[in-house]
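Welcome, and thanks for stopping by. Please take a moment with the sequence and the 3D view below, and then we can walk through the fold together.

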Amino acid sequence: MLAIDELGTEPLDALGRWLADLDELVDARTARGRQTVATTNLSGTDFKARYGERIADRIRGSGRFIETRAASLRKRSSEATTTTTETP
């Protein structure tokens, strides 16, 4: 199994090399029946806009897209650590 964390945070190059590499990776893994898990903060619509219909379709065809609407754990964690209290 391959896990790709935070898909959507990587910079995209002007020539589209990253998209071509991702397409090739997803295509090869799908053809071999290999599992791939990806996490992202992108909605389904934003994912398709960023990566294109082909990659989105390959991922949909070999798995599920699960969108959560929970608050960011990172944001809650940083708020908890940056909250200060004054002592009298």
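Let us begin with Leu 19, which is found in helix α1. Here helices (H or I, at least four residues) and strands (E, at least two) are DSSP runs, numbered from the N terminus. This is a predicted model, in which local features need pLDDT of at least 70 and side-chain atom pairs count only at pLDDT 80 or more, while totals for chains, interfaces and linings use all residues. Residues are numbered from 1 along each chain as its sequence is written, and side-chain values use heavy atoms, with hydrogens and water left out.

Is Leu 19 buried, partly exposed or exposed? Leu 19 counts as partly exposed, because its relative accessibility is 26%; buried means under 20% relative accessible area, exposed over 50%, and partly exposed in between (1.4 Å probe, protein chains only). Leaving aside residues up to four places away in sequence, Leu 19 touches Leu 12, Arg 50, Tyr 51 and Ile 55, where contact means heavy atoms within 4.5 Å. Leu 19 and Ile 55 are 36 residues apart along the chain, and their C-alpha atoms are separated by 8.7 Å.

Asp 23 also has its place in helix α1. Asp 23 counts as buried because its relative accessibility is 18%. With residues up to four places away in sequence not counted, Asp 23 touches Arg 54 and Ile 55.

Now for helix α2, residues 44–62. A straight helix of 19 residues would span 27 Å at 1.5 Å a residue, yet α2 spans only 15 Å between its end C-alpha atoms. The expected span is 1.5 Å times one less than the number of residues. Where does α2 bend? The bend is at Gly 52 and comes to about 120 degrees, taken as the angle between axes fitted to the seven residues ending there and the seven starting there. Phe 47, Tyr 51, Ile 55 and Ala 56 are buried in α2, and what covers the buried residues of this helix includes α1 (17–31).

Stepping back, the protein chain has three helices and two strands, in the order β-α-β-α-α along the sequence. Of its 88 residues, 14% count as buried. Among contacts between residues at least 6 apart in sequence, 66% join residues at least 24 apart.

Two loop residues are worth a visit. Glu 6 is found in the loop between β1 (2–4) and α1, and has a positive phi of about 60 degrees although it is not a glycine. Most residues other than glycine have a negative phi. Arg 69 lies in the loop between α2 and α3. Arg 69 and Ser 43 are 26 residues apart in sequence and 9.7 Å apart in space, C-alpha to C-alpha.

Here is how accessibility compares for the residues on this tour:

| Residue | Relative accessibility | Class |
|---|---|---|
| Asp 23 | 18% | buried |
| Glu 6 | 24% | partly exposed |
| Leu 19 | 26% | partly exposed |
| Arg 69 | 76% | exposed |

Finally, the largest pocket holds about 1000 Å³ of space. Of the 35 residues that line the largest pocket, the closest to its centre are Ala 38, Thr 39, Thr 40, Asn 41 and Ile 66. The elements giving two or more residues to this lining are α1, β2 (36–38), α2 and α3 (73–82). On a 1 Å grid over the protein atoms alone, a pocket is an open set of points where a 1.4 Å probe fits, with protein on both sides within 12 Å along at least five of seven lines, and lining residues have an atom within 4 Å of a point. Grid points are joined across faces, edges and corners, and a volume is the space filled by probe spheres set on the points.
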